[in-house]
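Let's take a walk through this structure together.

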Amino acid sequence: MREGRQRTHLVLTAWIPLLLRSEQEEQKRQAFGMIAHEAAHIHFAAKLESRIPNVFGNAPALHDYPPAFQIAAMHIWDEYAATRMSGYIDPDAAIGYQANVKTLVTAAEPFRIERVTAYRMHGDHKRVFAELNGFAERLLCSFAYLLGHLDSIQQELDSLPSMTELASSTPGLCDLIHVLHDRLRVLWETQDLWTTQEAFSPLCDLVNDLLAAYGVYMTEFGDSWNMRIPHTPETMPTRQAVEAFCAVTGKPLNSFYPDSNDALIRGVGSDRFGTD
């Protein structure tokens, strides 16, 4: 805050401006692209502040969604907008964006199983929510980077063989990408009409839908939110994992097993929780 206004600073690591002096045109183009992308973030931050005063530095204002959803939605939009504005400077950046999408899509299911299985032992609901919601945000942001870049260079997603193959081999992915793309394009076309954070509601819905596909269900409960993660066979820890966890944490084994002959694990705590 300076002179009563929010200020945004652009800080660059040293190697980026050094690339501007490179004799290789590709490296120069990469550097210009990265600088332009970050400068675009400043542009859109100023524009958002002008449309929705005090939007930065305050608690999220949408009451129909958990605050984490609203923060994720603004992040997803910001990356799409910045990349759409600057992507044409370095068209080849699409290669890196595709690789990032593929990495996260491939990791999604193993990550879910690993984190929910760990939750069955540690019982920390806020931790597992932060982990799964954080991954959902990163996944949607990876798409936002790519989609914004493709819109900038006027290229369609279907023209990328690697993305077509990935979508065809991942159930529900194609629909998710197209819904996200449609909603981001609407935001782009209507950004001069925003007056409240309600503009980001469609992206909040998408974060919620992705978490539900992950097996994480959020329901509003008064002034807080309940999370429910139903038990599924693939997310139940093995007895060996439980014994190792107990050895490290000092928790008694019978907090998981009613008796030594019982092979069923009882989750620590509840699969519901209230969060602000």
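Start with Asp90, which touches Arg29, Gln30, Gly33 and His149, leaving out residues up to four places away in sequence. Touching, or being in contact, means having heavy atoms within 4.5 Å. Asp90 sits in the loop between α3 (67-86) and α4 (94-122). Is Asp90 buried or exposed? With a relative accessible area of 10%, Asp90 is buried. Buried stands for under 20% relative accessible area, exposed for over 50%, and partly exposed for what lies in between, using a 1.4 Å probe and protein chains only.

Before going further, a word on what you're looking at. This is a predicted model, in which local features need pLDDT of at least 70 and side-chain atom pairs count only at pLDDT 80 or more, while totals for chains, interfaces and linings use all residues. Residues are numbered from 1 along each chain as its sequence is written, and side-chain values use heavy atoms, with hydrogens and water left out.

Now step back to the whole protein. Its secondary structure comes to nine helices and three strands; these are DSSP runs numbered from the N terminus, with helices (H or I) of at least four residues and strands (E) of at least two. Reading from the N terminus, the order is α-α-α-α-α-α-α-α-β-β-α-β. Of the 276 residues, 42% count as buried. Among the contacts with a separation of 6 or more, 70% come from residues 24 or more positions apart.

Next, find α3 and α7 (173-190). Two packed helices are described by the angle between their axes and the distance between the axes. Here α3 and α7 pack at an angle of about 70 degrees, with axes 11 Å apart; the axes are lines fitted to C-alpha atoms, for helices over the stretch in contact, and angles run from 0 to 180 degrees between N-to-C directions. On the α3 side, the contact is made by Ile76, Trp77, Tyr80, Ala81, Arg84 and Met85, and on the α7 side by Leu180, His181, Leu184, Arg185, Leu187 and Trp188. Sorted by type, the residues of this contact are nine nonpolar, one polar and two charged. In this sorting, Ala, Val, Leu, Ile, Met, Phe, Trp, Tyr, Cys and Pro count as nonpolar, Asp, Glu, Lys and Arg as charged, and the others, Gly among them, as polar.

While you're on α7, look at Val179 in that helix. Val179 is partly exposed, with a relative accessible area of 32%. Val179 and Leu203 are 24 residues apart in sequence, and their C-alpha atoms are 9.6 Å apart in space.

On to the aromatic rings. The structure holds 11 aromatic pairs. Rings of Phe, Tyr and Trp (its six-membered ring) pair if their centres lie within 6.5 Å, and planes under 30 degrees apart count as stacked, over 60 as edge-to-face and the rest as tilted. Trp77 and Trp194 have ring centres 5.3 Å apart and planes at 70 degrees, so the pair is edge-to-face. This pair links distant parts of the chain, 117 residues apart: Trp77 is in α3 and Trp194 in the loop between α7 and α8 (201-213). Trp77 is buried at 3% relative accessibility, and Trp194 is buried too, at 7%. Ring pairs also join Phe44, Trp77, Tyr80, Trp188, Trp194 and Phe200 into a cluster.

Finally, turn to helix α9 (residues 239-249), where the buried residues are Val242, Phe245 and Cys246. Why do they share a side? They cover an arc of only 100 degrees around the axis, which puts them on the same side of α9; the arc is that of the directions from the helix axis to the C-beta atoms. These buried residues pack against α4. The face turned away from them carries the exposed residues Gln240, Ala247 and Val248. Just after α9, Gly250 takes a positive phi of about 85 degrees.
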